[in-house]
Amino acid sequence: MTDPADVDHVGRVVALVPAAGQGVRLGAGIPKAFVTLRGETLLRLSVDGLLASGVVDRVVVIVPADRVAEVRTELPDGVDVVAGGAERTDSVRAGLAAAPDADLLLVHDAARALTPPDLVARVVAELRAGTDAVVPVLPVADTIKTVDAHGVVTGTPERAELRAVQTPQGFSASVLRRAYAAAESVATDDAGLVERLGGRVRTIPGDPLAFKITTAIDLALARALCDEGPWTSAPAADPRASTDLATSTDLATSTD
Ligand SMILES: Nc1ccn([C@@H]2O[C@H](COP(=O)(O)OP(=O)(O)OP(=O)(O)O)[C@@H](O)[C@H]2O)c(=O)n1
Ligand SMILES: C[C@](O)(CO)[C@H](O)COP(=O)(O)O
């Protein structure tokens with residue numbers, strides 16, 4: 001019999017895909033999610049990656065208000081499309097309102113278009129095992145400094161304790177809804193809102209291919225990976241179907 005405390009960890013998985021940002025740092029002149037890679041938008045690639053994982057029951061994408069009608073015609077049947085807001089937090093909130101049926105929620109940036117489906121499956125597996133909040137992470141390669149308003153260094157956090165956080169981030173729906181209901185300001189990631197409530201957030205190894213396309217150099221890297229990556233010789237056309245992902249996951253767990 002299912003323990004009532006675990007009731008959130010069975011049932012429907014709904015993935016929210018915030019895609020309503022402008023992409024100022026990329027500077028493509030159009031909202032970033034509509035930039036293309038191998039003829040597909042970053043948004044479409046991200047949605048396809050979620051669906052290819054086989055562990056997502058429904059997808060809700062959140063796009064700029066003036067793109068809703070267009071995106072509805074372009075995405076597969078069953079993918080819901082709603083209008084986002086000024087901040088990422090506002091967009092995720094709009095997605096949450098469109099997912100009343102979710103038991104488990106993923107929040108996944110459209111900008112992480114090469115995320116391997118295997119990473120999505122591992123996040124959901126962690127939720128199914130009873131975790132309320134889970135984030136994929138990578139070790140940090142650079143030394144990180146804190147600075148004051150004048151750019152003067154105020155500290156050097158111990159690198160071994162730092163992680164770079166990716167998406168999809170996974171949550172039991174009740175936990176994420178509580179976090180958003182309590183949120184009084186924006187946060188740079190969804191787990192941050194759970195942390196503010198004192199919630200426990202677990203990490204799992206991320207994947208270098210789940211990098212966020214933020215600047216022009218990130219887009220160049222994504223294009224190079226699609227055109228020249230070792231997986232292009234594999235039968236599957238989808239670069240995320242790479243059989244080399246075990247290697248990239250090994251990298252994820254390295255602390256060098
Ligand atoms: N108001 C916003 C801002 C961001 N996002 C989404 O959140 C994800 C991560 O945000 P980021 O990479 O910062 O995208 P942008 O906000 O578009 O980038 P920038 O800050 O350079 O404008 C992206 O898929 C973006 O579309 C969103 O849905 N709504
Ligand atoms: C959610 C996120 O992708 C985790 O790394 C990131 O915090 C989004 O930040 P951005 O400033 O909106 O790119």
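This is a short walk through the predicted structure shown above, from its overall make-up to its two ligands.

Okay, housekeeping. Residues are numbered from 1 along each chain as its sequence is written, and chains are lettered from A and ligands numbered from 1 in the order in which they are written. Since this is a predicted model, local features need pLDDT of at least 70, side-chain atom pairs count only at pLDDT 80 or more, and totals for chains, interfaces and linings use all residues.

So, how confident is the predictor? pLDDT is its confidence in each residue, from 0 to 100. The chain averages 89, and 86% of the residues score at least 70. For the complex, the predictor gives an ipTM of 0.97 and a pTM of 0.89. There are two stretches to watch. Over residues 230-236 pLDDT stays under 50, and it also stays under 50 over residues 242-256. Where pLDDT is low, the predicted coordinates should not be read in detail.

Now the big picture. The chain has eight helices and twelve strands. Those are DSSP runs numbered from the N terminus: H or I with at least four residues for helices, E with at least two for strands. Of the 256 residues, 40% are buried. Buried here means 20 or more other C-beta atoms within 10 Å of the residue's own; exposed means 12 or fewer, partly exposed is in between, and the C-beta atoms are placed from the backbone. As for contacts, two residues make one if their C-beta atoms, placed from the backbone, lie within 7 Å. Among contacts with a separation of 6 or more, 69% link residues 24 or more positions apart.

Let's look at helix 1, residues 42-52. Eight of its eleven residues are buried, so the helix is largely enclosed by the rest of the structure. The buried ones are L42, L43, R44, L45, S46, V47, G49 and L50. And what do they pack against? Strand 1 (13-18), strand 2 (36-37), strand 3 (40-41), strand 4 (58-63) and helix 4 (117-128). Just after helix 1 you'll find G54, with a positive phi of about 75°.

Strand 4 deserves a look of its own. It is mostly covered, with five of its six residues buried. On one hand, it pairs with strand 1 in the parallel sense over five bridges; pairing means DSSP finds at least two bridges between the strands. V61 in strand 4 is the bridge partner of V17. On the other hand, strand 4 pairs with strand 5 (residues 80-83), again in the parallel sense, over four bridges. There, V63 stands opposite A83.

Over to helix 4, which helix 1 packs against. G130 follows the helix, with a positive phi near 115°.

One more helix residue: L176, in helix 5 (residues 173-182). It counts as buried because 28 other C-beta atoms lie within 10 Å. Leaving out residues up to four places away in sequence, L176 touches L105, F171 and D190. L105 is 71 residues away along the chain, yet the two C-alpha atoms are separated by 7.8 Å.

Most residues other than glycine have a negative phi, and most peptide bonds are trans. R38 has a positive phi near 50°. This residue sits in the loop between strand 2 and strand 3, and it counts as partly exposed because it has 13 C-beta neighbours inside 10 Å. Then there's a cis peptide bond joining T167 and P168, with omega about 10°. P168 is in the loop between strand 10 (163-165) and strand 11 (169-172).

Finally, the ligands. How many residues surround ligand 1? There are 22, and the closest are P18, G21, V24, R25 and S91. A residue is near if its C-beta atom, placed from the backbone, lies within 6 Å of the molecule. That shell divides into nine nonpolar, seven polar and six charged. Nonpolar covers Ala, Val, Leu, Ile, Met, Phe, Trp, Tyr, Cys and Pro; charged covers Asp, Glu, Lys and Arg; the others, Gly among them, are polar. Around ligand 2 we have R88, D109, V165, Q166, T167, T188, D189, K212 and T214. In this shell there are one nonpolar, four polar and four charged. T167 in that list is the residue joined to P168 by the cis bond.

Methods: pLDDT = per-residue confidence, 0-100.
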